[in-house]
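Subject: Handover of a structure and notes on it

Dear colleague,

Please find the structure below, together with its sequence. My notes on what was found follow directly after it.

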Amino acid sequence: MVMQIRCLVPHLPCKNPVPSFFFPTQSRREGLLGSHIRTRRRCLGSKGLAIRAGSSPYTKGPSRGASGSSRAHRTSQTAASPLKPLSNELVSTVAGAGALLAATFVVWKLVERLVVPSKTKQPSTSDDKASSSGVRWSFAPGTNLPSAVSAKIERQSMEKLNEFVKELRTFGSIDMSGRNFGDEGLFFLAESLGFNQTAEEVDFSANGITADGLKAFDGVLQTNNVLKTLNLSGNAFGDEGAKCLAEIMKENNGIQKLQLNSTNLGDEGARAIAEMLKKNSSLRVIELNNNMIEYSGFTGLAEALLENNSIRSIYLNGNYGGALGAAALAKGIEGNKSLRELHLHGNNIGNEGVRTLMLGLAVHKGKITSIDIGSNEIGPKGAFHVAEYIKKTRSLLWLNFYMNDIGDEGAERIAEALKQNRTITTIDLGGNNIHSKGASDIAQVLKDNSVLTTLELSYNPIGADGVKALCDVLKFHGKVETLRLGWCKIGAKGAEHIADLLKYNMTISTLDLRANGLGDDGAVCLARSLKVVNEALTSLDLGFNEIRDTGAFALAQALKSNEDLTLTSLNLASNFLTKYGQVALTEAKDHIFEMYEGKEVNIFF
């Protein structure tokens, strides 16, 4: 049965009408309102509320008791006839309690409007001023804040900047990277650098500094001779900022290392830096990685190398030099005597670019010690030119050939060159599509080469046969201390050769075998070799090898049983160990610490 509630609001239903005079005090006014509401509720309860049963939508006629309801309604209408309603009746089809609450709310609002006079507010200039000054509107993010909040934020920012100033005056090396203090903050901090006699290394990278902000260094860097390293990387000030900074650096005599990586520099900015290098005699290292420098910028830097006799290292990784840029740079290198390190990783110089570059390096009048030509789409033909340079150089110590595509043919040429070289200590041939044949050629070099200490062959599918060729030689030959064979598809069979190697080799201290599909079988093989005395191996990386608890148990037992173990780091991250395998390894670590005079093995899983 659906109940319909009808609320009849009479004009003056109370026997005690509200006095027409106004109560001046708040307490008396509230008393009047409360008295009137209670009176109204009594009137509504006795006369103004009648409940009537209507037709249910689920029945075919009037509901039971409909006639009684009609009589009650007529009676209530007759009783209320002396009083006239205010306007239309307020009808609400809600539950009984809801209707009573709604009626009370309406009556209270009516009484409030009748009894309580509204105050007429005179316009006040002081109020208007206060309201207008309370909130300042702006389209800038974070500025539509009350003045008190803005003042608090500003005060906190100044406190933080003052802390930075104290650091500049106290410590020799200051890292303020990623603080996002922007141009205004830099102007505040730059003043302290002008009188700095302590800080030698300052990192302002990733702080939202623009070209306008770099003007803060004007008059500061010219007089500061203590600061040696300035890092402004990750601030997108572009060519305009580079021009501004270059003009300032022309008169600086202290900074030796300037880092401008990822700053949106293009050819114009690079040429401005080049003009600065022609006049600056203090810079030793300039980093311009991950910018947008192309042939024109490379040409400008090459011209600077012909006049500069102090620069030692140039970093141009991740730019767009191409073959023409490499050729231009080679011309500058020919006439330079000071350059020691050249980093051209990821410039797409190709076979032709590396040819001209190696020719320039071959006639270089100085002593180049480090060359990075990784990720440059160099194939076997380019490897030939690199090999020719390797044969001639008497100063090169570090060569990065990572992520090119020299294949087995290129690996063979590099191996032949290494037989004649007695200076290179580190070579990275990772990611070059070298198979077992190329690995075997490189292994033969190690028989007679006692200089090479770091060999990187990761990301080459040399397989179990390739690793066997290496292990057979390294058992009793070579001086390799770091061997990286991650992602080489050696499998459990290759792990057997590695395990056999570790029983005899006395030079390898760092061994990387990540992602080779060793599984539990490979881990068990390595565990057997770890039980044997090995006085060299300190770091073993077995991450991403699908090793489960069985392999973990074997490794844990091996760690416990070897009193003379020199291993200090074991990485088993990203394998399939459960809590049981992890507990076994943790117990092994604790056992070593307690039983072997405080030795500690860091195990990662």
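The accessible surface of the protein comes to about 30,600 Å², and carbon and sulfur atoms account for 52% of that surface. Please bear in mind throughout that this is a predicted model.

The protein has 605 residues, of which 47% count as buried. Its secondary structure consists of 19 helices and 19 strands. Among the contacts in the protein with a separation of 6 or more, 85% are between residues 24 or more positions apart.

On confidence, the mean pLDDT of the protein is 81, and 72% of the residues reach 70 or more. Residues 1–94 have a pLDDT below 50; beyond near neighbours in sequence, this stretch has 89 contacts in the model. The pLDDT is also below 50 over residues 118–146, a stretch with twelve contacts beyond near neighbours in sequence. Where pLDDT is low, the predicted coordinates should not be read in detail.

Helix H16 covers residues 491–504 and helix H17 covers residues 519–530. Their axes come within 8 Å and cross at roughly 5 degrees. As angles under 35 degrees count as roughly parallel, H16 and H17 are therefore roughly parallel to each other. On the H16 side, the contact is made by Ala-492, Ala-495, Glu-496, Ile-498, Ala-499, Leu-502 and Lys-503. These residues meet Asp-521, Gly-522, Cys-525, Leu-526 and Ser-529 in H17. By type, the residues of the contact of H16 with H17 divide into seven nonpolar, two polar and three charged.

Two loop residues may also be of interest to you. Ser-262 is not a glycine, yet its phi is positive, near 50 degrees. Ser-262 is found in the loop between strand E7 (257–259) and helix H8 (267–279). The relative accessible area of Ser-262 is 36%, so this residue is partly exposed.

Phe-544 likewise has a positive phi without being a glycine, in this case of about 60 degrees. The loop that holds Phe-544 runs between strand E17 (539–541) and helix H18 (549–561). With a relative accessible area of 45%, Phe-544 is partly exposed.

With kind regards

Terms used. Residues are numbered from 1 along each chain as its sequence is written. This is a predicted model: local features need pLDDT of at least 70, side-chain atom pairs count only at pLDDT 80 or more; totals for chains, interfaces and linings use all residues. Side-chain values use heavy atoms; hydrogens and water are left out. pLDDT is the predictor's confidence in each residue, from 0 to 100. Contact means heavy atoms within 4.5 Å. Helices (H or I, at least four residues) and strands (E, at least two) are DSSP runs, numbered from the N terminus. Buried means under 20% relative accessible area, exposed over 50%, partly exposed in between (1.4 Å probe, protein chains only). Accessible areas come from the Shrake-Rupley method with a 1.4 Å probe; for residues, only the protein chains shown count as cover. Axes are lines fitted to C-alpha atoms, for helices over the stretch in contact, and angles run from 0 to 180 degrees between N-to-C directions. Angles under 35 degrees count as roughly parallel, over 145 as roughly antiparallel, 65 to 115 as roughly perpendicular and the rest as oblique. Ala, Val, Leu, Ile, Met, Phe, Trp, Tyr, Cys and Pro count as nonpolar, Asp, Glu, Lys and Arg as charged, and the others, Gly among them, as polar.
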